[in-house]
Amino acid sequence: MAETTRIDAKGLKCPMPVIKLQQQTRKSNAGDHLLIECTDPGAEKDITSWCKVNRHKVIHVQPTETGCTIEIEVHSS
């Protein structure tokens, strides 16, 4: 069964949100969902680009008062 894991990347600047996401995808199984909370204004662009390159699926981007929350589905490596 797929899991949803929350990643707190609030307060981190580029490239740390992407690095934290990458570290978690390595611990996750295909089909798992990751929810990363970011305050870096460039995080949405960086993460969506990283997901495209690594074939992970961006499920949803939710703007927040301080940044955004991005949900991705992990693709098998």
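Lys10 is partly exposed, with a relative accessible area of 40%. In this predicted model, the side chain of Lys10 meets that of Glu37 in a salt bridge, 3.5 Å from N to O. Lys10 sits in the loop between β1 and α1, and Glu37 lies in strand β2. The pair therefore ties together parts that are 27 residues apart in sequence.

Lys10 has another partner. Its side chain also meets that of Asp8 in a salt bridge, at 3.3 Å from N to O. Asp8 counts as partly exposed because its relative accessibility is 41%.

Now turn to Glu37. Its side chain forms a salt bridge with Arg6 as well, at 3.2 Å from N to O. Arg6 belongs to strand β1 (residues 4–9) and Glu37 to strand β2, so this pair links parts that are 31 residues apart in sequence. Glu37 has 19% relative accessibility and counts as buried, since the cut-off for buried is under 20%. Arg6 has 53% and counts as exposed, since exposed means over 50%.

How many salt bridges does a search of the whole structure find? It finds 3. Through shared partners, salt bridges join Arg6, Asp8, Lys10 and Glu37 into one network.

Next comes helix α2. The helix covers residues 43–54, 12 residues in total. From its first C-alpha to its last it reaches 16 Å, close to the 16 Å expected at 1.5 Å a residue.

Which residues of α2 are buried? They are Ala43, Ile47, Trp50 and Cys51. Seen down the axis of α2, these buried residues fall within an arc of 100°, so they line one face of the helix. The spacing follows a general rule. An α-helix has 3.6 residues a turn, so residues three or four places apart point the same way.

Just after the helix, Arg55 takes a positive phi of about 65°.

Technical notes:
Residues numbered from 1 in each chain as written. Predicted model: local features only at pLDDT ≥ 70, side-chain atom pairs only at ≥ 80, totals over all residues. Heavy atoms only, no water. Helix = DSSP H or I, 4+ residues; strand = E, 2+ residues; numbered from the N terminus. Expected span 1.5 Å × (residues − 1). Buried < 20%, exposed > 50% of the residue type's maximum accessible area, 1.4 Å probe, protein only. Arc of directions from axis to C-beta. Salt bridge = Lys/Arg side-chain N within 4 Å of Asp/Glu carboxyl O.
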